[in-house]
Amino acid sequence: MATLRELKGRIGSVKSSEKITGAMKMISSAKMHKAEQSLRKLLPFRSQIQTIIGNLLSADAEFSSPLTESREVKHIAIVVFGSDDGLCGAYNINIFKGLLLALNGYREKYGENVDFTIYPVGAKILKAVSKLAGAHIKVVSPGNVNSKSDGKAVKDFTFELRQQYLDGVIDMLEIVYMSYKSVSKQVLRAEQLLPIVPETLTENDIKAQCRPYIFEPDPNTIFNSVLPLFILSVMREVFTENRASEQAARVMAMQSANDNAKKLMEQLQLEYNKLRQQAITTELLDILGGQVK
């Protein structure tokens, strides 16, 4: 049985842990709100790009682009987004499970001999994905980007992947990430980024909102100029969603740890009070016993 001193020490440790998890929750919450603001700033850009594409597709013209042309799939590149830091619960584990499902799905669709190149964004997900390296699976650490990257680093990384597709090094580009919905809800998503499928260009019924335009230069030239911007907008949005989802998962993990700390402290305090009461009772009995003698 623990002594009063030991229980008092445990209670002090739990109180300290509660303060730490509370502070970490506040920090993660602030970072999450910052990522939310960045996400709201990015959405108008992607919406405008899709509106332009919707106007183009509504025109009476033929469109062709190497970014939309499908070919026989022999080599698939997958960018999987995770975190660089820990203490975010099962965030990276759930993403890793989604990656495994995506790999199995592509093997069933394109055959067991299809090759994969996986780009893990985030130190924690890199550590997990590295175990998959072997026959038909190559894991490449994108040294110029991480889960906190933004701006030029994301642009350069996107250009590199797009160029690999145009050069025929890869035949398909897939992204696996956590889509941010709210602090308590993040949805695992696996999307095909290249080749671009028509459905992603006109989602949210953007074509219905379009008006007739006169295009200068011709629509196909504009179409080929806008598509790279569309890919970049999607990639920047995914990087931002990943940051928001990571911090949201950390907020929930710290909240859970804080709740557990409170429950443990209540149990320890109850045990401490019982033991203290027992000690007081024993002392009183000893005093009374001495007086009787």
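Contact here means heavy atoms within 4.5 Å. The model is predicted: local features need pLDDT of at least 70 and side-chain atom pairs count only at pLDDT 80 or more, while totals for chains, interfaces and linings use all residues. Residues are numbered from 1 along each chain as its sequence is written, and side-chain values use heavy atoms, with hydrogens and water left out.

**View 1. Surroundings of phenylalanine 81.** With residues up to four places away in sequence not counted, Phe81 touches Ile95, Val121, Ile175, Val176, Tyr177, Met235, Val238, Phe239 and Asn242. Phe81 is buried, its relative accessible area being 0% (buried is under 20%, exposed over 50% and partly exposed in between, with a 1.4 Å probe and protein chains only).

**View 2. The largest nonpolar core.** A nonpolar core is a set of buried Ala, Val, Leu, Ile, Met, Phe, Trp, Tyr and Cys residues joined through side-chain atoms within 4.5 Å. The largest one has 32 residues, of which Val79, Phe81 and Ile175 touch the most other members. Two or more residues each come from α1 (4-58), β1 (75-81), β2 (115-121), α4 (152-166), β4 (172-182), β5 (185-194) and α6 (219-292); helices (H or I, at least four residues) and strands (E, at least two) are DSSP runs, numbered from the N terminus. The most is given by α6, with 10 residues. A second, separate core of 21 residues includes Val73, Tyr91, Leu99 and Ile118.

**View 3. The aromatic pair Phe81 and Phe239.** Three aromatic pairs are found in the whole structure; rings of Phe, Tyr and Trp (its six-membered ring) pair if their centres lie within 6.5 Å, and planes under 30 degrees apart count as stacked, over 60 as edge-to-face and the rest as tilted. In one of them, the ring centres of Phe81 and Phe239 are 4.9 Å apart with planes at 85°, so the pair is edge-to-face. Because Phe81 lies in strand β1 and Phe239 in helix α6, the pair ties together parts 158 residues apart in sequence. Phe239 is buried, with a relative accessible area of 1%.

**View 4. The aromatic pair Tyr119 and Phe157.** The ring centres of Tyr119 and Phe157 are 6.1 Å apart and their planes stand at 75°, so this pair is also edge-to-face. Tyr119 in strand β2 and Phe157 in helix α4 are 38 residues apart, and the pair links distant parts of the chain. Tyr119 is buried at 6% relative accessible area, and Phe157 counts as buried at 1%.
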